[in-house]
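This report describes selected surface, pocket and salt-bridge features of one protein model. The sequence and structure are shown first.

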Amino acid sequence: MQKNTHDKAMLAEAGVPAGGDGDAEHWRDRDLAVLWHPCTQMREHPGTLPLLPIARGEGAWLVGRDGRRYLDAISSWWTNLFGHAEPRIAAAIAQQAMTLEHVILAGCSHAPAVELAERLLAIAPRETGREPLSKVFYADNGSAGVEVALKMAFHWFRNRGIEGRTKFIALDNGYHGETLGALAVGDIPLYRRVYAPLLAEALFAPSPDAYLCEAGETPEERARHAADGLRELLERHGNEVCALILEPRVQCAGGMRMHDPVYLKLARELCDAHGVFLICDEIAVGFGRTGTLFASEQSGVQPDLLCLSKGLTGGALPLAAVLATQTIYDGFLDDSREKAFLHSHSYTGNPLACAAALASLDIFASDDILNRNRATAARMATLAAPLAEHRHVADVRQAGMIVAFELTPGGDRRASFDPALRVGLRAYRAALERGVLLRPLGDVLYWIPPYCVDEAALQLLADTTRAAIDEATACA
Ligand SMILES: *Cc1c(COP(=O)(O)O)cnc(C)c1O
């Protein structure tokens, strides 16, 4: 077969069956001729890192162009909620596409944007005695949503004539996206270090990460100590800070590191005491991933700004929403346009994406998703538990529909594998060979399956994870 051809007739002549190995090979070649992939050292394709041409998705499964099926154990970067090509979401998008595909949202309005805002505000975390989140600003991806929240917090103080509050506090090991503003409040060295000279200065508070517990320390104690660190930072810098941004309950990109819900409660109190806004980034943990609809609920906390994306559309289309309090909104009302929040993206509030999000919210109700997930999460816990005994597993942790396995040499919590061993990459390849798409974060393997994952798929996932860990650590 001639490479770099995309002539179907030629392929047929060469005897390449549709959906066969040759077909996958063909698409791999065409892809690598023109595409630059996200979060990838392109030199590793395809020799070190296989590239998987995917033909279609079905429920929790991806079907490759080679005809092989792969369990999407990571919900395609934590976006997918109810399975791929969900018919009700697909139908909602199709219907909306025939009616109004897009319209400028400055000066115009449309029903999907209004209805979605109403419904998001109705289900948003609420704290008695605190003014509710009452306005929605749309953006078109998570990072853009984070930029919106950061700019709003900063600009609100400016509008009030308070000039000194120019800094943000973020948490060690946190992640908020890849655009420059979002990177500035992120603390994953691999993504951040190169761009450091371009980034606005942020202050970092200790992470409440329970994996970092000292011997004998409970996760709650760890969270309280971390909050003490935040208190000190605020006592020193409080009047220079406009907002604290954090990921409630799970620092996802930071290795699915989990913390006790008491941390968010303490952080909320500290923000109140210092007149600092609290931004909860629930882009990854929102929409049921940690067991509750929003992770903040587990702390009984309501933020001043809430960032949502990823699962917002059920994983079908890019969309972000930033929910704000009336106080923040009112701070921008003025005769001057400069005091307005002039931030805009061309596709703000895209009707197709809003229609997908509305269909996704309908599924939460009609399929009783949160209750069903409780049973699935319990099953995940049972299947994951035996892996804690594995020699090279230092920690197995879970928050609702997220399970993570920390791999270290000999299971030592203070050690980590030599990066040159590429343990995570080995595990990734071993899992793929067994028909499971696991994409480790460093040496952390994790399960974030679509909610429709069934017993057989969970069994496969557990068996494959064990095999992948065995194979990946055989070199150690
Ligand atoms: C993924 C993620 C983002 C960025 O969202 P993108 O849509 O990838 O830009 C921000 N914050 C958190 C917590 C995330 O997990």
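## Surface patch

A patch is made of residues with over 30% relative accessible area and no salt bridge, where like charges are joined within 9 Å and nonpolar side chains (Val, Leu, Ile, Met, Phe, Trp, Tyr) within 5 Å. Accessible areas come from the Shrake-Rupley method with a 1.4 Å probe, and for residues only the protein chains shown count as cover. In this model, Leu180, Val194, Tyr195 and Leu198 make a nonpolar surface patch of about 420 Å².

Leu180 belongs to helix α7 (residues 180-184); helices (H or I, at least four residues) and strands (E, at least two) are DSSP runs, numbered from the N terminus. With a relative accessible area of 43%, Leu180 is partly exposed, a class that lies between buried (under 20%) and exposed (over 50%), with a 1.4 Å probe and protein chains only.

## Basis of the model

The model is predicted: local features need pLDDT of at least 70, side-chain atom pairs count only at pLDDT 80 or more, and totals for chains, interfaces and linings use all residues. Residues are numbered from 1 along each chain as its sequence is written, and side-chain values use heavy atoms, with hydrogens and water left out.

## Second largest pocket

The second largest pocket holds about 790 Å³ of space. Of its 26 lining residues, Leu105, Val136, Phe137, Phe341 and His343 are the closest to the centre. On a 1 Å grid over the protein atoms alone, a pocket is an open set of points where a 1.4 Å probe fits, with protein on both sides within 12 Å along at least five of seven lines; lining residues have an atom within 4 Å of a point. Grid points are joined across faces, edges and corners, and the volume is the space filled by probe spheres set on the points.

Strand β4 gives the largest share of this lining, 4 residues. At least two residues each come from α5 (111-123), β4 (133-139) and α11 (326-330).

## Salt bridges

There are 24 salt bridges in the structure, each a side-chain nitrogen of Lys or Arg within 4 Å of a carboxyl oxygen of Asp or Glu. Arg268 pairs with Asp304, with the closest N and O atoms 2.9 Å apart. This pair links distant parts of the chain, 36 residues apart: Arg268 lies in helix α10 (residues 262-273), and Asp304 in the loop between β10 (277-281) and β11 (305-308). Both Arg268 and Asp304 are buried.

Arg397 and Asp395 form a salt bridge at 2.7 Å, N to O. Salt bridges with shared partners join Asp209, Arg257, Asp395, Arg397, Glu406 and Arg413 into one network.
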